[in-house]
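Here are a few notes to read alongside the structure, written for someone new to looking at helix packing and cavities. Please keep the view open and find each residue as it comes up.

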Amino acid sequence: MSTQLQPSPVTPSVNELEPLFEEALRTEGSSRALKAGYLNAIIARWVQTEDPSTLAPALHALLAKEGVKQLVDEQGMPVSAAATQALLAMSYPHPLEVAPEHLEALRKQTEPSVPPAPKGWILTVLVVATLIQAVYFFLADDMRHMFGATAEQLAGESGLALPGGGVGFFDRLEMVAWRPVRSLVPWVQVVGSTVLYFFSTALATKAWERTLARRGFLGLGVFGLVVGVLPRHVYENCGTLVAALGALLAGWMLRVPRPSAPPSA
């Protein structure tokens, strides 16, 4: 009959850590979470009672085992995170021996969650900005069909013409390099906003993830502002700037709330 890993008045010895872990890993369902919680509890107790020179090797051996990250207690704390916290709580030099990947995993595990993103407001801003952008680009396309080169000249894109009606160097550069790139700008803005919206509203639950999504929106907005002032059709410039403002506003709405300061004594 296997030993049930339930809390007891007698704390097991450090040498029993591996058998306790192996049995907990073989357990399924809610009992597995209970046993993981028991492991986390005794690891925290060992930090206060055991010799670090004896406990540290046992915890390093535990962190090296396969499946240690999948053993999680009822509060969502993996045994690997509890072992990492125990090593960091020990005296020098044991905290310096923790591998960077375990430190990063602990940081993400203990990162405070943030309130849900304002999905409705962000979606409204992005949809309105995209619709206005589409209207401006349709108007720019209609102007080209109606007036041909005149619309480009009105937008300041005529370039320097050579004597005899030839095409100048800047005109050729614009047709070969800039014109194909500028046709992709609205698609970059629309696709970028869509991807960032789903990431920020469906996946970004931690503060660092929310910050990443916010920086993505702000970067997309700055990109639109820069492109929106370059020589193009005036309607294209307006559409690009409107989409950029929408991305900036979405980034502003994703700002991470600052933690409240503790009350003064």
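This is a predicted model: local features need pLDDT of at least 70, side-chain atom pairs count only at pLDDT 80 or more; totals for chains, interfaces and linings use all residues.

1. Helix α2, residues 30-49, packs against helix α4, residues 79-89, at an angle of about 5 degrees, and their axes lie 9 Å apart. Because angles under 35 degrees count as roughly parallel, α2 is described as roughly parallel to α4.

2. On the α2 side, the contact is made by Ala36, Leu39, Asn40, Ile43 and Val47, while α4 contributes Val79, Ala82, Ala83, Ala86 and Ala89. Sorted by class, the contact of α2 with α4 has 9 nonpolar residues and 1 polar residue, with no charged residues.

3. How many cavities of 30 Å³ or more are there? The count comes to 1 cavity, and the volume of the largest cavity is about 70 Å³.

4. The residues lining the largest cavity are Leu126, Ala129, Thr130, Gln133, Gln189, Val190, Ser193, Leu220, Ala243 and Ala247. The elements giving two or more residues to this lining are α6 (119-147), α9 (185-203) and α11 (234-253), and the largest share, 4 residues, comes from α6.

5. By class, the lining of the largest cavity has 6 nonpolar and 4 polar residues, and no charged residues.

Note on methods. Residues are numbered from 1 along each chain as its sequence is written. Side-chain values use heavy atoms; hydrogens and water are left out. Axes are lines fitted to C-alpha atoms, for helices over the stretch in contact, and angles run from 0 to 180 degrees between N-to-C directions. Angles under 35 degrees count as roughly parallel, over 145 as roughly antiparallel, 65 to 115 as roughly perpendicular and the rest as oblique. Contact means heavy atoms within 4.5 Å. Ala, Val, Leu, Ile, Met, Phe, Trp, Tyr, Cys and Pro count as nonpolar, Asp, Glu, Lys and Arg as charged, and the others, Gly among them, as polar. On a 1 Å grid over the protein atoms alone, a cavity is a set of points where a 1.4 Å probe fits but cannot get out, and a pocket is an open set with protein on both sides within 12 Å along at least five of seven lines; lining residues have an atom within 4 Å of a point. Grid points are joined across faces, edges and corners, and a volume is the space filled by probe spheres set on the points.
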